[in-house]
Structures are given as C-alpha cells and as structure tokens.
2 protein chains.
Amino acid sequence: MSRVLLSHGAGGREMAELIRRVFLASYGPPGFTGDDSAALALEAGPLAFTTDSFVVDPIFFPGGDIGRLAVAGTVNDLLTAAARPLALSASFILEEGLPLSTLTEIATSMAETARESGVAIVTGDTKVVPRGSADQIFITTSGVGQIVRPGVSGAGLRPGDRLILTGSIGDHGMAVLLAREGLLAGEDIVSDAAPLTEIVLRLLESGCELHAMRDPTRGGIAAVLNEMARQSGVCVEIEESLVPVKPGVAAACEALGLDVFQVANEGKMLIAVPAREAEAALALVRQCRYGEQAQLIGEVKSAPAGRVQLLTRLGTTRFLAPPSGELLPRIC
Amino acid sequence: MSRVLLSHGAGGREMAELIRRVFLASYGPPGFTGDDSAALALEAGPLAFTTDSFVVDPIFFPGGDIGRLAVAGTVNDLLTAAARPLALSASFILEEGLPLSTLTEIATSMAETARESGVAIVTGDTKVVPRGSADQIFITTSGVGQIVRPGVSGAGLRPGDRLILTGSIGDHGMAVLLAREGLLAGEDIVSDAAPLTEIVLRLLESGCELHAMRDPTRGGIAAVLNEMARQSGVCVEIEESLVPVKPGVAAACEALGLDVFQVANEGKMLIAVPAREAEAALALVRQCRYGEQAQLIGEVKSAPAGRVQLLTRLGTTRFLAPPSGELLPRIC
C-alpha cells in the first residue's frame with residue numbers, strides 16, 4: 001500500500017492497519033493508543049479546551065508543514081489561556097490517492113512538534129474522501145490544558161500595561177504565500193511555526209503578573225490588537241519602529257502590496273504585563289527558545305477605547321484598522 | 001451576504017460577523033463565547049477526550065444531517081468510555097460558495113442535538129477553502145467528558161457476559177447510501193443518528209455492572225464485535241434471529257448485495273453486562289429514548305478467542321469476519 005485508499009477510512013482491516021503503521025508508529029504509546037477515546041488524569045481545577053482546523057496550501061513550506069502547524073497552533077491557543085498543554089487530538093480528512101509517505105512525513109512532524117511542546121497526541125480519527133472532494137489533507141487538532149492562572153484572556157488589558165511581542169511578524173504568511181505562488185524563492189523567508197510552551201510556562205512560573213496573551217495568527221497583529229483593544233475597552237498604542245520585521249519579509253510585503261501587520265504569524269505571542277514587570281518579563285522571554293528577538297512594542301492607554309494607534313516611522317500617528325476582505329486564503 | 005466567502009475564514013471583520021450571526025446565534029452563550037479557547041470547570045477525576053471528523057455525503061439525509069451526526073457521534077464516543085459528556089468543540093472546513101442558510105441550518109441542528117445530549121458547544125474554528133478544494137462542508141467535533149466509571153472499554157468482555165444491542169442495525173448507512181444514489185426512495189429507511197446519553201447515564205446511575213461498551217459506527221457491528229473479541233481475548237457469539245433489522249433495511253441490503261452486519265449505525269450501542277444483570281439492564285435500556293427496541297443478542301465465551309460466531313437463522317454457525325475493502329465511503 002503506497003497511497004491512501006477509500007478503504008483506509010472505512011472502519012475495517014485497512015483502517016486498523018493505517019492506524020498501526022502510520023499513527024501508532026509516529027505518535028507512539030503510551031500517550032496514543034489508537035482508541036476512539038483517551039482517558040486523561042487531571043488535577044482539580046479549570047480546564048482549557050480549544051480546536052483548530054488546518055487547510056494550508058502548500059502542505060510543505062519553508063520552515064514547516066501542515067502537521068507542525070496543526071500541533072503548534074493548538075498548543076499556542078492553550079497557552080494563551082495560561083494553560084499547561086496536556087493532550088492533543090488529531091483528526092485527518094484525506095483525499096484518496098495521497099501518498100502514504102506524505103502522510104507519514106506529516107505524522108512524524110506532528111509527533112516531533114508535540115514532543116517539543118511537552119504534550120502527547122492521545123486520540124484521533126481518519127476519514128478518506130474520493131479524489132477531488134478535498135485537497136490532499138486537512139487536519140483538525142483539539143487540545144486540553146490545565147489552566148494554571150485563571151482569568152488571563154484577550155480582555156485583560158489595563159491602561160499602563162506594556163506589550164511584549166516575542167519576535168518578528170509576517171514570517172509565516174509570507175513563507176506560505178511565496179511557496180504557493182512560486183514567487184521570490186531564495187529570499188530566505190521562513191515560517192515561524194513553533195510551539196511557545198517554554199516562553200509562556202516560564203513566565204507563569206516566574207510569578208510575573210500577566211494581564212493578557214494572544215497569538216497573532218490569521219489577520220496578523222492588526223486583527224489581534226484590535227480585538228484585544230475592543231474586548232478590554234482600552235486603546236493600544238504601538239510604535240512601528242519597535243515592531244521587528246525581517247528585511248526580506250518587509251520587501252516581499254511591499255512588492256506584493258500587503259500590510260505586514262495583517263500577515264499571519266504561527267509562532268509569536270503578544271503579552272501584556274504591568275509596566276513595573278515589563279523589563280523583567282522581556283528579559284525572561286529573551287532567554288527562551290523562539291523569544292530571543294522579543295521587543296516591547298507599545299503600551300495601553302485608556303482612550304480612544306477600542307482602537308489601535310500606530311506611531312509611524314515618520315513620526316505621525318494613525319489608527320491601525322482591523323483587517324477585512326480576503327487577505328490570504330489557506331494560510332493555516 | 002448569502003454565501004460563504006473566502007473572507008469568512010480570513011480572521012478579519014467578516015469572520016467575526018460569521019461567528020456572531022451563525023455560531024453565537026445558534027449555540028448561544030453562556031456555553032459558547034466565540035473565544036479561541038474555552039475554560040471548563042471540572043470535578044477531580046479522569047477525563048475522557050475524543051475527536052471525529054464528519055464528511056458525510058449528502059449533508060442532509062432522511063433522519064438527520066451532518067451537524068446532528070457530528071454532535072451525536074462525539075457524544076456517543078464519550079459515552080462508550082463511561083463518561084458524562086461535558087463540552088464539545090466544533091471546527092468547520094467550508095467550501096467557498098456554500099449558502100449561509102445551509103450553514104445556519106446545520107449549526108441549528110448541532111445546537112439542538114447538543115441540547116438533547118445535555119452538553120454545550122463551547123469553542124470552535126472556521127476555515128474556508130476555494131471552490132473545488134473541499135466538498136461543501138466538513139465538520140470535526142471533539143469532546144471532553146468526566147469519566148464516572150473508570151475502566152469500561154472495548155477490552156472488558158468476560159466469558160459469561162451478555163450482549164445488549166440498543167436497537168436495529170444498518171439504518172444510518174442505508175439511509176445515507178440510498179439518499180446519495182437516489183435509490184429506493186420512499187422505502188422509509190431513516191438514519192438512527194442520535195445521542196445515547198440517557199441510556200448510558202441511566203445505566204451508570206443504576207449501579208449496573210458494565211464490562212464493555214462500543215458504538216458500532218463505520219464497519220457496523222461486524223467491525224466492532226471483532227475488535228471487542230480481539231481486544232478482550234474472548235469469543236463473542238451472537239444469534240442472527242435476535243439482531244433487530246428493519247424490513248426495508250434488510251431488503252435494501254439484499255438488493256444491493258451488502259451485509260447488514262457491516263453497515264454503519266449512528267445511534268446504537270453494544271453493551272456487555274454480567275449474565276445476572278442482563279434482564280434488569282435490558283429493561284432499563286428499553287425505558288430510555290432510543291432504547292425501546294433493545295435486545296439481548298448473544299453472549300461471551302472463552303474460545304475461540306478473538307473470533308465472532310454467528311448462529312444463523314438456518315441453525316448453522318459461521319464466523320462473522322471483520323469487514324475489509326471499501327465498504328461505503330463518506331457514510332459519516
């Protein structure tokens with residue numbers, strides 16, 4: 001068997017074989033057993049629960065693949081709730097004819113990213129649809145995590161807070177777009193897809209007061225900062241010159257007429273802390289993997305409530321609007 | 001806006017509007033908030049965690065739709081682990097151009113089925129792919145539940161156990177197949193898609209000793225009984241004349257050359273109990289919604305281990321083999 005067949009999704013012998021040879025071999029026991037439902041031991045306390053589907057095109061791109069994205073994305077969503085990721089599920093919709101070697105490569109990448117995240121893939125599902133009814137492979141991951149600091153959300157910004165951004169923006173969206181369109185190859189633009197477990201758990205363990213966290217994925221930091229400002233009833237003010245953008249990404253955005261503030265990230269976090277904690281928190285983030293380039297990019301004011309103000313490199317101030325329209329389809 | 005657009009999946013204004021108008025309106029607060037991650041209050045104790053993707057074609061069929069299926073399927077998977085369903089996530093992959101009225105109808109059906117199941121849809125995600133990259137709508141649901149009786153699994157069969165089947169087999173698979181092919185319309189063949197919360201929770205609350213539970217979906221009772229026999233290292237013996245099959249379903253299977261034992265169910269449970277509990281458990285199941293037609297269909301022997309024996313209507317005995325091959329694609 002070298003390609004995915006309809007029989008691999010039919011609930012019979014072939015499906016059992018696929019689970020054994022691909023998923024059990026990649027994820028491995030004891031976490032993953034191949035059962036329909038997994039049993040998790042938990043401490044008492046609130047649980048975070050999240051889900052995301054991944055339909056990225058192409059499925060392999062500089063810096064990652066759909067599997068790494070599917071694991072890191074759901075891990076990061078748990079982290080934004082100040083939760084320690086406990087377990088993931090992974091459900092596949094496969095197009096008949098997908099090479100099994102491709103599926104195995106993706107499952108291996110998921111297992112590696114899960115290990116890096118300190119989490120196990122414990123249960124899953126596989127459906128196969130006839131050729132032409134889906135595009136190669138779609139993955140939905142869900143995650144559960146133990147909330148270690150209740151109440152951290154996008155709505156927690158307070159006037160006076162400082163905003164930490166854990167690194168450069170626009171890398172993921174541009175890497176996928178350029179790979180898909182075959183544009184500007186060689187520009188060394190690489191997805192940032194990564195699990196941010198170390199950054200968030202070390203901040204939580206340090207006792208640092210955290211008011212809000214969000215990962216700026218679809219719609220970029222423009223979408224997420226606007227949501228945070230609106231949910232919190234505050235104004236977010238950021239300084240353009242403080243927001244890290246890699247030169248290649250900046251050039252590609254300019255060439256394609258894209259606003260880098262609206263381009264998706266898959267390994268970045270926006271973290272709001274009280275001013276008195278800002279320098280210590282920044283120093284801690286910079287010690288962590290994927291946080292070396294972190295910056296303080298702005299602060300929270302009380303008015304105009306619900307808006308994001310950008311201090312531009314020219315010294316002017318403008319509102320950073322929430323994105324609308326098509327942006328970039330199938331970026332995650 | 002009357003159709004799903006790529007912008008509905010892009011993370012900007014249109015996506016926020018879709019979440020508000022379709023998902024928040026259907027599922028409703030307080031359970032569903034539209035946030036990336038939901039926080040659940042839990043009692044201490046083991047947690048069940050499960051996921052399934054749904055790609056059924058057609059998306060509406062006699063007796064249900066893809067939304068009802070997606071909720072009932074995940075609820076039933078939690079129940080097989082002897083867990084009280086607590087919360088569901090729902091992630092959508094939508095084809096550009098899907099009528100929003102269709103999406104709303106499906107979300108409404110999901111909300112109704114969730115209410116019937118005693119569970120809330122608390123979080124979700126939406127991706128939109130260009131026309132032709134997916135077939136209308138795929139849904140992945142995940143669920144968490146509090147395990148009220150640890151250790152109930154497909155591997156728990158013991159010699160002497162009796163097997164309860166909660167109703168007739170083959171209804172779902174045949175309803176979907178006939179709807180898809182436009183065959184035998186008017187035969188009153190209706191999907192059994194339903195959440196079995198009442199049956200399982202009442203059995204658990206009664207204190208009845210339960211050795212194993214499984215819901216016979218893809219691959220039918222032939223697949224699930226073989227798995228249970230293999231995992232438990234026992235022989236399952238069932239009597240053909242005791243297995244309820246509706247006349248229309250039996251006739252359609254015969255006409256199409258299908259083995260009804262291999263046809264999918266979406267609202268049935270196989271429950272193994274010790275012989276001394278069998279009559280009381282059966283009486284209790286029959287008092288419950290979706291359990292009125294329950295039957296004792298067989299018993300568990302020690303040998304030949306890992307096999308399923310069928311006592312036929314002709315008085316002969318044959319092995320019921322696990323299914324293989326394509327069976328029926330896109331049945332769930």
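This report walks through a predicted two-chain model, from overall build to the chain contact and some local details.

Residues are counted from 1 along each chain as its sequence is written, while chains take letters from A and ligands numbers from 1 in the order in which they are written. Because the model is predicted, local features need pLDDT of at least 70 and side-chain atom pairs count only at pLDDT 80 or more, whereas totals for chains, interfaces and linings use all residues.

**Confidence and overall build**

The scores come to ipTM 0.95 and pTM 0.96.

Along the principal axes, the C-alpha atoms of chain A fill a box of roughly 65 × 50 × 30 Å.

Of the 332 residues in chain A, 59% are buried. Here "buried" takes 20 or more other C-beta atoms within 10 Å of a residue's own, "exposed" 12 or fewer, and "partly exposed" anything in between, with C-beta atoms placed from the backbone. Contacts are residue pairs whose C-beta atoms, placed from the backbone, lie within 7 Å. Take the contacts in chain A between residues at least 6 apart in sequence: 86% of them join residues at least 24 apart.

An unreviewed UniProt entry puts "domain: PurM-like N-terminal" at residues 34-146 of chain A. UniProt positions follow the numbering used here, feature names are shortened, and annotations may be inferred rather than shown by experiment. That stretch, residues 34-146 of chain A, is 29% helix and 43% strand, and its end C-alpha atoms sit 23 Å apart.

**Where the chains meet**

On chain A, 59 residues are in contact with 59 residues of chain B. Elements giving two or more residues to this side of chain A include α1 (13-27), α2 (66-80) and β5 (83-95). The largest share, seven residues, comes from β2(A). Sorted by class, the side of chain A that touches chain B has 29 nonpolar, 19 polar and eleven charged residues. Nonpolar covers Ala, Val, Leu, Ile, Met, Phe, Trp, Tyr, Cys and Pro, charged covers Asp, Glu, Lys and Arg, and the others, Gly among them, are polar.

β2(A) also pairs with strand β1 (residues 37-40) of chain B, antiparallel over four bridges. Pairing asks for at least two DSSP bridges between two strands. Ala48(A) has Ala39(B) in β1(B) as its bridge partner.

**Inside chain B**

Helix α4 (residues 171-181) of chain B has nine of its eleven residues buried, so it is largely enclosed by the rest of the structure. Among the buried ones are Asp171(B), His172(B) and Leu178(B). The cover over the buried residues of α4(B) includes β3 (60-61) and α7 (247-256) of chain B.

Most residues other than glycine have a negative phi, and most peptide bonds are trans. These entries go the other way:

| Site | Backbone value |
|---|---|
| Pro29(B) to Pro30(B) | cis, omega near 5° |
| Ala303(B) to Pro304(B) | cis, omega about -5° |
| Arg330(A) | positive phi, near 50° |
| Tyr290(B) | positive phi, near 75° |

Pro30(B) lies in the loop between α1 (13-27) and β1 of chain B, and Pro304(B) in the loop between β12 (295-301) and β13 (308-311) of chain B. Arg330(A) belongs to the segment after β14 (317-319) of chain A and counts as buried, with 20 C-beta neighbours inside 10 Å. Tyr290(B), in the loop between α8 (278-286) and β12 of chain B, is buried with 20 other C-beta atoms within 10 Å.

Notes. Two residues are in contact if their C-beta atoms, placed from the backbone, lie within 7 Å.
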